[in-house]
Amino acid sequence: MKPFDYRRAQDVPGAVALLSADPQAAFLGGGTNLVDHLRLGVAAPGLLVDVTRLPLDAIEPLPDGGVRVGATVRNSDLAADPVIRARYPVLSQALLAGASGQLRNLATTGGNLLQRTRCVYFQDVSTPCNKRAPGSGCAALRGYQRYHAILGGSPACVATHPSDMAVAMAALDARVLVQGPGGERGLPLTDLHRLPGDEPQRDTELAHAELITAVDLPPLPAGARTRYRKVRDRASYAFALVSVAAVLVVRDGRVDDVRIALGGVAPKPWRAAVAERELRGAPATEAHFRRAAEAELAAARPLDGNAFKVPLARNTLVATLRELAGGTPR
């Protein structure tokens with residue numbers, strides 16, 4: 001591990017100023033992702049700025065009926081919060097499906113959104129990886145592909161985003177609040193993460209020294225049912241092969257509103273906009289759910305080692321919507 005300096009930020013402007021002054025500095029939250037990368041030699045910042053003591057650890061109601069989640073709220077606290085469990089069960093389900101209890105006790109909301117891929121080649125510095133070392137190549141294109149992308153990848157990178165929480169927040173139309181050298185701004189969570197294109201080293205649209213301070217969850221429409229379903233290789237402590245976060249409102253047998261995000265299939269939480277368009281106003285039947293899933297996955301470009309993800313994603317999405325259409329409103 002390369003030696004680094006450590007500073008504890010006293011306030012948000014101070015944290016931003018410390019990073020602004022050092023292009024090699026990085027924010028440190030729970031450290032569940034970054035510390036691993038320090039040990040592996042994947043990351044080597046010259047300065048770590050600890051933001052865990054900043055006053056960003058509250059879960060607060062918003063005037064419009066939504067909820068604001070501070071960036072340093074721990075994943076375990078967010079999953080167990082009574083308001084989150086009652087109003088946004090899909091988010092609580094996603095958090096509980098990710099990692100172990102010990103990791104959830106450390107991981108923060110902001111850090112979870114900014115975690116980097118768990119691609120085995122990204123984490124192995126002896127292999128080529130454009131995300132880690134731009135221009136070196138992508139070992140996954142000829143290697144182990146089971147966990148890689150079928151949507152949104154590029155010739156430069158086919159890694160998937162690992163977060164369960166981010167998939168649920170994408171389906172909830174969450175909005176991310178950020179403070180940086182240029183002041184405060186907000187952006188939809190679906191715009192936070194980038195597809196790799198020819199710059200796979202850039203995971204998000206955040207500039208250096210921009211700090212996530214909170215995530216706003218808007219109120220759900222009346223009668224909404226939500227569900228997070230995760231398919232993985234073992235029952236716990238495994239990343240998703242495919243996951244689905246869905247919000248569904250059915251009125252008079254037809255889909256009045258629907259929001260869907262997929263995980264485990266793309267370099268970012270994948271908002272299933274095509275499927276949503278197919279479903280709005282359509283009968284809430286399995287045949288229409290399947291048609292919408294097939295329309296969404298028509299753009300899939302699987303690799304030799306993960307072609308199974310296409311039918312798996314289709315069937316998981318259909319099963320989730322079928323459950324919601326026949327369930328009790330939540």
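How many helices and strands are there in the protein chain?

1. The structure is a predicted model. Its protein chain contains eleven helices and twelve strands. The radius of gyration is 20 Å, close to the 20 Å that the globule rule gives for 330 residues, so the chain is as compact as a globular protein of that length. Taken along the principal axes, the C-alpha atoms fill a box of roughly 60 × 50 × 35 Å.

2. Burial and surface may be considered together. Of the 330 residues in the protein chain, 51% are buried. The accessible surface comes to about 14300 Å², and carbon and sulfur atoms account for 51% of that surface.

3. As to contacts along the sequence, the count concerns residues at least 6 apart in the protein chain. Among these contacts, 64% join residues at least 24 apart.

4. Helix H10 spans residues 286-297, twelve residues in total. From its first C-alpha to its last it reaches 16 Å, close to the 16 Å expected at 1.5 Å a residue. The buried residues of H10 are Phe289, Ala292, Ala293, Glu296 and Leu297. Seen down the helix axis, these buried residues fall within an arc of 130°, so they line one face of H10. In an α-helix there are 3.6 residues a turn, so residues three or four places apart point the same way. The cover over the buried residues of H10 includes strand S11, strand S12 (270-271), helix H9 (273-279) and helix H11 (309-325).

5. Strand S11, one of the elements covering H10, comprises residues 254-263 and contains Arg259. Arg259 has a relative accessible area of 12%, and is counted as buried because this value is under 20%. Its side chain makes a polar contact of 3.5 Å with the side chain of Asp173. Beyond its neighbours within four places in sequence, Arg259 is in contact with several residues, among them Leu172, Leu220, Val247, Arg271 and Glu276.

6. His161 belongs to the loop between helix H7 (109-114) and helix H8 (165-171). This residue is buried, with a relative accessible area of 12%. What lies around its side chain? A polar atom of the His161 side chain is 3.5 Å from the backbone oxygen of Leu113, and a polar atom of that side chain is 3.3 Å from the backbone nitrogen of Ser163. Setting aside residues up to four places away in sequence, His161 touches residues including Asn112, Gln115, His193, Ala266 and Pro269.

Notes
Residues numbered from 1 in each chain as written. Predicted model: local features only at pLDDT ≥ 70, side-chain atom pairs only at ≥ 80, totals over all residues. Heavy atoms only, no water. Helix = DSSP H or I, 4+ residues; strand = E, 2+ residues; numbered from the N terminus. Buried < 20%, exposed > 50% of the residue type's maximum accessible area, 1.4 Å probe, protein only. Polar contact = N/O pair within 3.5 Å; in protein donor to acceptor, adjacent residues only side chain to side chain. Contact = heavy atoms within 4.5 Å. Expected span 1.5 Å × (residues − 1). Arc of directions from axis to C-beta. Rg over C-alpha atoms; globule rule 2.2 N^0.38 Å. Areas by Shrake-Rupley, 256 points an atom, 1.4 Å probe, with all protein chains shown as cover.
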